[in-house]
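Good morning, colleagues. Please have the sequence and the three-dimensional view open while I speak.

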Amino acid sequence: MNLARQIEQYLPQQLLELIKTISREANQSGQRAYLVGGIVRDMFLGYSNFDIDLVIEGDAVKLAQKIAKVSEANLTIHPRFGTAKLSYSNFTLDMTTVRGETYAKPGALPTVTPGTINGDLLRRDFSINAMAISLNQSNYGELIDPCQGKSDLESHLIRILHPKSFSDDATRIVRAIRYEQRLEFKLEPQTAQLLKQDIPALDTISGDRIRHELGLILREKHPEYALKRLSQLGALHRISPYLKGNGWIAEKFEAARLLNKPSQLSSLYLCLLVYPLHERENEQLIQRLNMPTKLARELRDTLCLKSQLYLLDKPTTKHSEIFYLLHEYSPLAIQTNVVATGLPVACSNLKLFLTKLRYVKTTLNGEELKRLGIPAGPELGKILQMLHRAKLDGKVKTRAEEEKLALLLKP
Ligand code: ATP
Ligand code: MG
């Protein structure tokens, strides 16, 4: 099957030209290049995809360096892994050197055989991701489909490539459900049966890898679908007994989408996932997923604020009280509480902080207070805060009123 015409129609012009350049450069240096994975799948489905994966029989790093020179790309290379990333304004190209199998000979160094595209495809997760398109000049556009991915794509099936696939790498359980829900496909019956059977293998997966796959789910358009399905299968529980993919999550994710920019959604979703947890449960989750310090802090902040919200749930709460209760929390923790809380008054106070109060500043600064004769030191800091509180509560409005109050407060 030749897809040269389909590639022409599918890829944006700039990308198409780049692909042709890669094809030419590879040919000249005796290497072979292939489009693989998501891009091939999405081309057949007619979905756009701007993260393009290429597999190179040869040396991806050298080829990428050449391509970076002739096009305006930002190049990142990992020579040890034989991978390179070319970033352009609208898309990225990941280039990987295909690796062969490693055979450990007794008493000798392991030998790596030169890899082939077929070998690479056979090591992938699902048949629909195990297709490639040749960019070689001898057979440009030819589909390479050793696992009948095209046929599974047409039958809307997610199929693993061999029975030990999930036990070899249980992140594929999470990946299978992500594609099943995104594409509205079905798990092929044997795949479904093995997936259920191999759920305990999730215990063998490191925190970093599980977190990465969960992160990919949280970047889906409707992460709640995959979470619900993983929950029904018992896979979410296996990852952490505290994670839920229930109706509350679905309702809050929907609310989050209405209120927030898409770029901020995935971290907000994660905070919403931990919202129902107790602090101790959150700590266990942080540990299981080996959360980076910054992210862990956001999650702790979210729950800490949740426990303080009753203080904001009175219509009589002063603006200064709202400000000084919230100003040390991260905007993400506050935004999560806006979406998640069932306390309506607290919710509107949180919104008031995010939209107005956090921007309120006094007109006078420390220097100006010193000029009014207030000595530097802790006292000055206290007076500044009192001015700020008065400003927040509407007790002073103009510079003159601030000066008057400052002089009154002068020790
Ligand atoms: P999308 O980014 O649209 O979700 P993708 O196919 O690009 O889809 P990635 O997660 O970016 O998915 O992975 C790139 C490719 O790497 C996949 O197409 C898949 O073939 C392969 N892959 C990723 N993870 C695994 C895994 N755990 N086991 C085997 N192959 C994998
Ligand atoms: Mg991808």
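Ser134 touches Ala33, Tyr34, Asn139, Tyr140, Gly141, Glu142 and Ile144, with residues up to four places away in sequence not counted; contact here means heavy atoms within 4.5 Å. This serine belongs to strand E8, where helices (H or I, at least four residues) and strands (E, at least two) are DSSP runs numbered from the N terminus. Its relative accessible area is 0%, so Ser134 is buried; buried means under 20% relative accessible area, exposed over 50%, and partly exposed in between, with a 1.4 Å probe and protein chains only.

Before I continue, a word on the source: this is a predicted model, in which local features need pLDDT of at least 70, side-chain atom pairs count only at pLDDT 80 or more, and totals for chains, interfaces and linings use all residues. Residues are numbered from 1 along each chain as its sequence is written, chains are lettered from A and ligands numbered from 1 in the order in which they are written, and side-chain values use heavy atoms, with hydrogens and water left out.

Asn136 sits in the loop between strand E8 (132-134) and E9. With a relative accessible area of 5%, Asn136 is buried. Which residues does Asn136 contact, leaving aside its neighbours within four places in sequence? They are Gln31, Arg32, Ala33 and Tyr34. Ala33 and Tyr34 are also among the residues that Ser134 touches. Arg24 is 112 residues from Asn136 along the chain, and their C-alpha atoms are separated by 8.1 Å.

Next come two residues with a particular backbone angle. Gln148 is not a glycine, although its phi is positive, about 55°. Gln148 is placed in the loop between strand E9 (143-144) and helix H6 (149-154). His156, likewise not a glycine, has a positive phi of about 60°. The loop that holds His156 runs between H6 and strand E10 (157-158). Is His156 buried or partly exposed? At 40% relative accessibility, it counts as partly exposed.

I turn now to helix H11. Its residues are 223-233, and the buried ones are Pro223, Glu224, Ala226, Leu227, Leu230 and Leu233. What covers these buried residues? The cover includes helix H8 (171-183), helix H9 (189-197), helix H10 (207-218), helix H12 (235-239), helix H13 (247-259) and helix H14 (265-274). Gly234 follows H11, and its phi is positive, near 85°.

The cysteines deserve a brief comment. A disulfide is a covalent bond between the sulfur atoms of two cysteines. In this analysis, a disulfide is a pair of cysteine sulfur atoms within 2.5 Å. How many disulfides does the structure hold? The number is zero. Cys347 is in no disulfide, and the nearest cysteine sulfur, that of Cys271, is 16 Å away. Cys347 is buried, with a relative accessible area of 13%. Cys147 is buried as well, at 12%.

Cys347 also leads us to Asn337. These two residues are ten apart in sequence, and their C-alpha atoms are 7.4 Å apart in space. Asn337 is found in helix H18 (residues 331-340) and is buried, with a relative accessible area of 0%. Apart from residues up to four places away in sequence, Asn337 touches Tyr275, Thr302, Leu305, Lys306, Leu309 and Leu350.

Finally, the chain as a whole. Its secondary structure comes to 22 helices and eleven strands. The radius of gyration, taken over C-alpha atoms, is 28 Å, well over the 22 Å that the globule rule gives for 411 residues, so the chain is more spread out than a compact globule; that rule is 2.2 Å times the number of residues to the power 0.38. The C-alpha trace spans about 85 × 50 × 50 Å along its principal axes. Of the 411 residues, 48% are buried. Where contacts join residues at least 6 apart in sequence, 65% of them join residues at least 24 apart.
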